[in-house]
Amino acid sequence: FAALVVPDKLTAYAPYLEDESLVSISNYEHLLIDNKLNVVPVLAEIRRSLEQGEKDVYLPNDTHWSTATDRAIGEFTVDYLQKLGFFWAPDNSPGK
């Protein structure tokens, strides 16, 4: 079992907020404390995109991911789950 817990826009952009009182209102990290829960590290991947200068990780006038982020997180999730052995890549399937 693996969970994909999607961080909200405020959580993703917390390191860039000028108002520090907003930085700690997210409960996202508290969801990750339970080490029995296998959570896909989506927040780290989103923040990596932001650090690399990716614009509009979330829609500019909305709290949903952009199409590009949706695709990038989908690919990241597949890679992550493959590394954990949840399923095989087509060229790494058993018997090959």
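Leu84 is found in the segment that follows helix H4 (67-83), where helices are DSSP runs of H or I with at least four residues, numbered from the N terminus. The model is predicted, and local features need pLDDT of at least 70, side-chain atom pairs count only at pLDDT 80 or more, and totals for chains, interfaces and linings use all residues. Residues are numbered from 1 along each chain as its sequence is written, and side-chain values use heavy atoms, with hydrogens and water left out.

Leu84 counts as partly exposed because its relative accessibility is 43%; buried means under 20% relative accessible area, exposed over 50%, and partly exposed in between (1.4 Å probe, protein chains only). On the surface, Leu84 forms a nonpolar patch with Val78, Phe86 and Phe87, with about 310 Å² of accessible area together. Residues in such a patch have over 30% relative accessible area and no salt bridge, and their nonpolar side chains are joined within 5 Å. A salt bridge here is a side-chain nitrogen of Lys or Arg within 4 Å of a carboxyl oxygen of Asp or Glu.

Ala12 belongs to helix H1 (residues 9-12). Ala12 is buried, because its relative accessible area is 0%. Leaving aside neighbours within four places in sequence, Ala12 is in contact (heavy atoms within 4.5 Å) with Leu43, Ile46, Arg47, Leu50 and Tyr58. Tyr58 is 46 residues from Ala12 along the chain, and their C-alpha atoms are separated by 9.2 Å.

Ser26 lies in the loop between H1 and helix H2 (28-31) and counts as buried at 18% relative accessibility. Not counting residues up to four places away in sequence, Ser26 touches Asp8 and Thr11.

How values were computed
Patches are made of residues with over 30% relative accessible area and no salt bridge: like charges are joined within 9 Å, nonpolar side chains (Val, Leu, Ile, Met, Phe, Trp, Tyr) within 5 Å. Accessible areas come from the Shrake-Rupley method with a 1.4 Å probe; for residues, only the protein chains shown count as cover. Helices (H or I, at least four residues) and strands (E, at least two) are DSSP runs, numbered from the N terminus.
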